[in-house]
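Biologist: I am new to this one. Could you take me through the labels and what stands behind them?

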Amino acid sequence: MVKAFSSGLSSVLSGGADTIVARATAAGASALAVIRVSGPETCRLAGLLSPDINMASPWRAGVVRLHDESGVFLEEAIIIPYRAPRSYTGEDMLELMVHGSRWIVDAVVGTIISAGARQAAPGEFTRRAVANGKMDLVQAEAVNEVIQAETEWQARMAREQLHGVLSQEFRALKDALVALLAEVEGSLDFEEQGVVVDQGAHEAARKGCVARIDTLLVTVGAGVRVREGARVVIVGKPNAGKSTLFNTLLARERAIVAPTPGTTRDVLEAELEIEGLPVILVDTAGLREAEDPTEAEGVRRARREEERADLIVALWDVEDYNTLCFHEFKNTGRRLDIVSKADLAEQQIEGVLAISCLTGQGVDQLLEEIHLRVAAPVAAMEGSVAVNLRQAEALLRARKCLETLISVPQEVAALEIRSAMLALHEILGSLDDNEVLDAVFSSFCVGK
Amino acid sequence: MVKTWDVVVVGAGHAGIESAMAAARMGATVCVVTLHKETIGQMPCNPAAGGIGKGHLVAELDALGGIQGWAVDRAGIQFRRLNSSRGPAVWGPRAQCDKERYSIMMRRLLARTQGITVIEGEANRILFERGRATGVGLAGGTRVCGRSVILTTGTFLGGVLHTGDDRREGGRFGERPSVGLGENLREMGLELRRFKTGTPPRLDRNSLDYTKLEIQEGDHSPQPFSWRTQAVVNRAVCWVGRTPERVREIIEENLDRSPLFGGRIDGVGPRYCPSIEDKVVRFPHHKEHTVFLEPETLHGPSMYVNGLSTSLPADVQEKVVRAVPGFEKASFIRFGYAVEYDVVAPKQVAHDLQVSSVPGLYLAGQIMGTSGYEEAAALGFVAGVNAVASLWETEGLRLGREQAYIGVLVDDLVNREHREPYRMFTSRAEHRLLMGVDSARERLMSEGVRLGLVPMGVFHVEQARWEKRRRVIEELEAGAVVPDHLTQDRLHKSLGFELRTPTTWAGILRRQDVDQEHAAAMAPGLGEMSAEDTAIIIGQLRYSGYIARHARERSRVERLRHIQIPADFSYRSIIGLSREVLEEMERLRPNTLAEAERLGGMTPAAMSLIAGRLSTMGRD
Ligand SMILES: Cc1cc2nc3c(=O)[nH]c(=O)nc-3n(C[C@H](O)[C@H](O)[C@H](O)COP(=O)(O)OP(=O)(O)OC[C@H]3O[C@@H](n4cnc5c(N)ncnc54)[C@H](O)[C@@H]3O)c2cc1C
Ligand SMILES: Nc1nc2c(ncn2[C@@H]2O[C@H](COP(=O)(O)OP(=O)(O)OP(=O)(O)O)[C@@H](O)[C@H]2O)c(=O)[nH]1
Ligand SMILES: [Mg+2]
């Protein structure tokens, strides 16, 4: 039987948590390296490293000389002290900027460890920030995304998420669920006091929650686009000039180009960034009834790519333009028909975008068209942030609960709303057992 | 030679009585030390027991072999089931009691129960023997020696009573507080907290105008709480009135004279028992507030004014009360007052209600931060059973959150932080659908039998009853109802709906739009069941889909719980785990998720984070 419990907050206040240290910048030689220290012992450790570190005047950079425990000079460093709770982790912290030599970094970290700190585990600073309420789980997830961001949009999205834009949406939804539940719970536990559920308002609030979830779920596709890139697939008959376009857009000779139809057999992929958004460009085999089994397989794969695509760029050889009717060219959100080899055209091409990889005609316009379509769902997010798959899964679960609750008795409905709320708590990594009762007592005048 | 008891119980309120009775009936010798013999089993606040959530506690306690339900049945003068139009999971049986009769019965019960000795006196320190709490020292120097101690001192630790500016030390009206004991607990290193609660004025029954009040009668067929009771009858009525807007004005004018708003009270009061001054301040847009007038005894003059709890000065109380229609000429038997008192922060107590740092010392009732007779009684019972079980090295009583409200009560107290006095609500139970008052005996009576507190014969009778319900349910699920003309006609006539596809009687009874009574009259098997059992059966049918889903979720959790946690598992790699949980996990390193779940401070969110990390571990 386990009988002892850590007393939570009081253990923190009494200095129960240990102090951690780690190099914050990437390993390997570099001009500068940043070392972070966090925890209740920070002040004492700072004093040991150098008498010049003044923890009493925090948030101010200073230059100090660091020594090891036996007084040997280690390094001249720039330091910034932070005092709880105004720091990244919410604890006392010290940041030291030293030369990025492996020896220096190891020596400084080693000195701090032998003075009583512990090497931090990966992500531990962020974990402490979550534990101390400096950020929630959704924001913590963004920390890594900010670090990993390679395109402008990725960075923008991760930053917004870190700033809590997405968290706010989740929290607003969670609060709406709490209010919904409080009403039901109030009527279940305080019937004698005349608390009743206003059916009309309740249904409106329920619908409001579902609508909020749907708005958030729409951003999932956009999020995947921003995080992983949109798939833009080039299709067309053999020899239409697909591989040539592929190479032109990439600005390098990635695919083999030849005058023989059926040159490309396999699916080729390459990454490309269009105005800050990542795009995965795909070249495919020319579409026709192929007899050669290898080519036939290539055509099958091309068809599959067409299905997966976020955007299909269908290429028509200028020769076909003459035989096709105007209305056979499609220009929708997911499909863009264009005519290639415009330099060979004998007449003016109208009603459809025409490009030439030889002269460069129309290529910029094509890029613009692609961007317009790929960025549309991202733009639809209106500056908010996309939901990731973990969050989407929980949102879907919450939505399902809200759907069932129309047709059930109130004590069951409460269960459903509670499940929905739990899903939201999973997203935010929080759980406050008292919030429903808090809401009941603040909205109803109950009690004898 | 000094006499030594197995268990020393301090206090003879609702907690102390159950502790003593459970321990003695399990065969232990018990010494009850209490301030006054004549206040044994007193109801210092409202003259009622049960309600929504609280009624669940009484029913469960009764199924386990506790005695509160038995006493309420006998002292009860009006019985009502709250939430009766809803499903059985949230029924809340409640009874108005004759306080004097209740208290007299409890006094007699303790006196005639073998193994119990009652001593009058004030315990002011805990006695130790080889590091274990074994007895108490009384003011005056007497030592009461035993082998373990249960403290159930209610609102008496450092108690201070307030009525307006009048501030005097006391445990409750007319009784002195207990000062030394609190100091002693503090010296032992226990963390104490200050709470507050209040009670309304009592009015003379003969000074009120009932033509301006609404009558509130008991149920048509009142149901007893206890398996020991055959039947109960209603003997009294209650009355409902409303405070006019004028009351707000009176209170606002005098707010500076309220000890609550004037800053003379530091203790934290329960939001679910707000004083009238609280209500007026917090809900200024409410024009009127309901008050319930409840007789304190069957024949005596005292009427309890439920809804007017207050600690305003006496002259303001008079103005407020006399502003209420019907109370214009009210004469006061006693003024309302608030009491501030110390409680032991309950996190220092383990699930068996033993203080973690003091072996042999148990707490129960209001001393550990609860409020209410039912909460106190339930905890008293658990402490009494566990104190004896630990002495005899037998299995004690540990109920799960999915098993009983009593399990929820203990678990909440022991594991969570509490900012105000704790009272039971059904919303605290995440397994509410499984834990209706109707299923209390089915859930818990076997435990009562195991402890030797419920006779086997009683258990068999009960068992037959729920077996029979189960058979009827099977029958209702099995037999098909085919929509031929005759059936359609019958259903349409009596139930008002058309049946198009074949179904079962269970299917028909589950429909929300079906009138229960009419349907029950037509369905096979239900005819021979009592109205009570029929309602329970229909409730079970309606919940069954959800209970099944719940069970599925639980079995998924159950499977998860058997997942092994590697010895070198890095809890630090989980972002979002609270520091509290993390430290606990690293210190104790549970082997399975099931073990992790039982540790202090564990929350569902933390469980899902750990489970999530474990399930992705195989992949990276
Ligand atoms: C003014 C007031 C208002 C209340 N309002 C509410 C309310 O609004 N809602 C609600 O649910 N509940 C309310 N209650 C609480 C309810 O009465 C208690 O929760 C319940 O009675 C607690 O039971 P208990 O057994 O823990 O303690 P109690 O019933 O208080 O019994 C304590 C016992 O301990 C004895 N004792 C105390 N100190 C010593 C000592 N040192 N040595 C020996 N014996 C000692 C006393 O004599 C007494 O027998 C109120 C109580 C009071 C006094
Ligand atoms: N004049 C002119 N010729 C082009 C242009 N684009 C492609 N070609 C030529 O068209 C021929 C086919 O080009 P590819 O890019 O290999 O065509 P493809 O669609 O990939 O053909 P498959 O892979 O066989 O399906 C090559 O000889 C190219 O040089 C263009 O814009 N203008
Ligand atoms: Mg090609």
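Modeller: Start with A:T264, which counts as buried at 14% relative accessibility.

Biologist: Why is A:T264 called buried?

Modeller: Buried means under 20% relative accessible area, exposed over 50%, and partly exposed in between, with a 1.4 Å probe and protein chains only. A:T264 has 14%, so the word buried applies.

Biologist: What are the ground rules here?

Modeller: This is a predicted model, so local features need pLDDT of at least 70 and side-chain atom pairs count only at pLDDT 80 or more, while totals for chains, interfaces and linings use all residues. Residues are numbered from 1 along each chain as its sequence is written, chains are lettered from A and ligands numbered from 1 in the order written, and side-chain values use heavy atoms, without hydrogens and water.

Biologist: Why is the aromatic pair of A:F190 and B:F425 called tilted?

Modeller: Rings of Phe, Tyr and Trp (its six-membered ring) pair if their centres lie within 6.5 Å; planes under 30 degrees apart count as stacked, over 60 as edge-to-face and the rest as tilted. Here the centres are 5.5 Å apart and the planes 55 degrees, so the pair is tilted. A:F190 lies in a loop of chain A and B:F425 in a loop of chain B, so the pair joins two chains. A:F190 is buried at 2%, and B:F425 at 0%.

Biologist: What makes B:F173 and B:Y337 a tilted pair?

Modeller: Their values are 6.3 Å centre to centre and 40 degrees between the planes. The pair ties together parts of chain B that are 164 residues apart in sequence. B:F173 is partly exposed at 47%, whereas B:Y337 is buried at 7%.

Biologist: How do you know that the charged end of A:R86 sits over the ring of A:W59?

Modeller: NZ of Lys or CZ of Arg must be within 6 Å of the ring centre and within 35 degrees of the ring normal. The charged end of A:R86 is 3.9 Å from the centre.

Notes
Helix = DSSP H or I, 4+ residues; strand = E, 2+ residues; numbered from the N terminus.
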